[in-house]
Amino acid sequence: SVLTVACEQTEVLLFDPISSKHIKTLSEAHEDCVNNIRFLDNRLFATCSDDTTIALWDLRKLNTKVCTLHGHTSWVKNIEYDTNTRLLVTSGFDGNVIIWDTNRCTEDGCPHKKFFHTRFLMRMRLTPDCSKMLISTSSGYLLILHDLDLNKSLEVGSYPILRARRTTSSSDITSSGSSGPRAVGSPCHQHDSGPLSEKHLSRSSQREGGSPRNSLEVLTPEVPGERDRGNCITSLQLHPKGWATLLRCSSNTDDQEWTCVYEFQEGAPVRPVSPRCSLRLTHCIEEANVGRGYIKELCFSPDGRMISSPHGFGIRLLGFDAQCRELVDCLPREASPLREIRSLYSHNDVVLTTKFSPTHCQIASGCLSGRVSLYQPKF
């Protein structure tokens with residue numbers, strides 16, 4: 001019922017998505033750029049910012065924040081919410097994933113703890129059933145925490161390595177992290193611990209048979225193009241039914257950009273001694289690569305049949321096939337191109353974000369110069 005917009009200059013805008021009327025501007029929602037917004041229920045929502053804080057808001061009383069949460073030491077980029085436990089999960093460019101207990105929230109904040117840390121962290125997502133946490137990095141790695149338990153903090157070296165998989169050859173898993181984040185404004189913490197170290201890799205063969213809580217899988221997702229260039233995973237989304245993950249990847253040389261869909265593969269590895277890859281590339285498409293260095297956020301439709309992807313000065317609606325069938329009904333044997341269903345262009349600047357309405361046949365997009373567009377596509 002409300003369209004909320006995170007803005008660069010400390011503001012949050014609220015609109016009526018049906019009438020397109022402006023409802024309210026939170027002019028000083030934060031002290032720096034607002035990065036993400038997440039509704040916790042039909043009235044409470046959270047915002048995060050480059051000022052290192054998270055703020056909780058109530059739609060019934062927007063003149064003041066419910067509370068401000070302090071815990072991150074760098075830009076906060078992601079907010080997730082577990083509706084079962086009412087735990088708020090945030091991640092930032094300090095490499096930390098922090099858990100906030102909203103059950104015990106006061107005006108002074110919420111009890112919190114550091115859950116996980118990895119350097120070059122870009123985006124963090126929970127699967128719809130909160131059984132997995134996915135973390136993308138600017139060094140091209142995708143981390144998956146399986147059988148997720150948010151109540152258990154993970155210190156460096158304490159998490160079991162269930163399996164590890166590289167699709168590019170040569171050096172060990174920490175050395176490739178030496179190339180710092182390529183995305184604009186991403187800090188580089190060279191002194192932090194890498195995703196995992198050599199001594200942890202030896203555990204993977206021992207863990208293949210079981211599935212302990214918070215077991216970690218480290219992947220280098222297969223991306224089209226020249227694989228020896230390396231890739232930065234800038235955007236990460238999950239299929240609404242938990243079937244797949246959606247990535248936006250840019251080459252480290254910044255001359256190619258791809259949207260890729262990866263199907264989740266469950267079950268034991270084919271051979272117990274071999275590492276198993278939980279994700280398989282099923283669909284992909286090359287993007288316009290306009291607005292290099294900026295992160296473009298893409299999304300699934302509420303039913304998971306379409307993808308809305310920023311494309312230059314507009315958006316493209318993409319399907320797994322020309323009939324927009326379910327992913328499970330058109331899984332190819334090998335990676336296939338995503339089908340362009342419709343292109344929508346109404347901006348005069350690079351589109352950075354797009355989102356489907358969860359309740360209406362409506363799509364919103366926002367561009368670098370601050371314009372927000374609403375579409376009601378007809379097919």
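With a relative accessible area of 32%, Arg305 is partly exposed, a class that lies between buried (under 20% relative accessible area) and exposed (over 50%), using a 1.4 Å probe and protein chains only. The structure is a predicted model, in which local features need pLDDT of at least 70 and side-chain atom pairs count only at pLDDT 80 or more, while totals for chains, interfaces and linings use all residues. Residues are numbered from 1 along each chain as its sequence is written, and side-chain values use heavy atoms, with hydrogens and water left out.

Arg305 forms a salt bridge with Glu326, with 3.7 Å from N to O; the term denotes a side-chain nitrogen of Lys or Arg within 4 Å of a carboxyl oxygen of Asp or Glu. Glu326 is buried, at 11% relative accessibility.

## The chain as a whole

The protein chain contains two helices and 28 strands. Both kinds of element are DSSP runs numbered from the N terminus: helices are H or I over at least four residues, and strands are E over at least two. The chain has 379 residues, and 56% of them count as buried.

Contact means heavy atoms within 4.5 Å. Among contacts between residues at least 6 apart in sequence, 54% join residues at least 24 apart. The chain exposes about 16,700 Å², of which carbon and sulfur atoms supply 47%; accessible areas come from the Shrake-Rupley method with a 1.4 Å probe, and for residues only the protein chains shown count as cover.

## Other salt bridges

In total, the model has 17 salt bridges. In one of them, Glu80 and Arg38 meet at 2.4 Å, N to O. Glu80 belongs to strand S8 (residues 76-82) and Arg38 to strand S4 (residues 34-39), so this pair links parts that are 42 residues apart in sequence. Glu80 is buried at 6% relative accessibility, whereas Arg38 is partly exposed at 27%.

Asp101 and Arg104 form another salt bridge, their closest N and O atoms being 3.0 Å apart. Asp101 is buried, with 15% relative accessibility, and Arg104 is exposed, with 54%. In general, side chains of opposite charge can pair when their charged atoms come close.

## Strands S8 and S9

Seven of the seven residues of S8 are buried. S8 pairs with S9 in the antiparallel sense over six bridges; strands count as paired if DSSP finds at least two bridges between them. Tyr81 stands opposite Leu88 in S9. The two strands form a hairpin with four residues between them, and Arg86 in the turn has a positive phi of about 55 degrees.

## The nonpolar cores

A nonpolar core is a set of buried Ala, Val, Leu, Ile, Met, Phe, Trp, Tyr and Cys residues joined through side-chain atoms within 4.5 Å. The largest has 19 residues, and those touching the most other members are Val89, Val97, Phe115, Phe116, Met133, Ile135 and Leu150. Several strands each supply at least two residues of this core, among them strand S9 (87-92), strand S10 (96-101) and strand S11 (112-117). S12 gives the largest share, three residues.

Not counting residues up to four places away in sequence, Val89 touches residues including Glu80, Val97, Met133 and Leu150. Apart from this core lies another, of 18 residues, including Leu134, Leu219, Leu236 and Leu238.

## Ser136

Ser136 is located in strand S13 and is buried, at 0% relative accessible area. Leaving aside residues up to four places away in sequence, Ser136 touches Phe120, Leu121, Met122, Arg123, Tyr141, Leu142, Ile233 and Leu236.

## A nonpolar patch on the surface

Val290, Phe313 and Tyr345 form a nonpolar surface patch with about 270 Å² of accessible area together. Patches consist of residues with over 30% relative accessible area and no salt bridge; like charges are joined within 9 Å, and nonpolar side chains (Val, Leu, Ile, Met, Phe, Trp, Tyr) within 5 Å. Val290 is in the loop between strand S20 (279-286) and S21, and Val290 is partly exposed at 32% relative accessibility.
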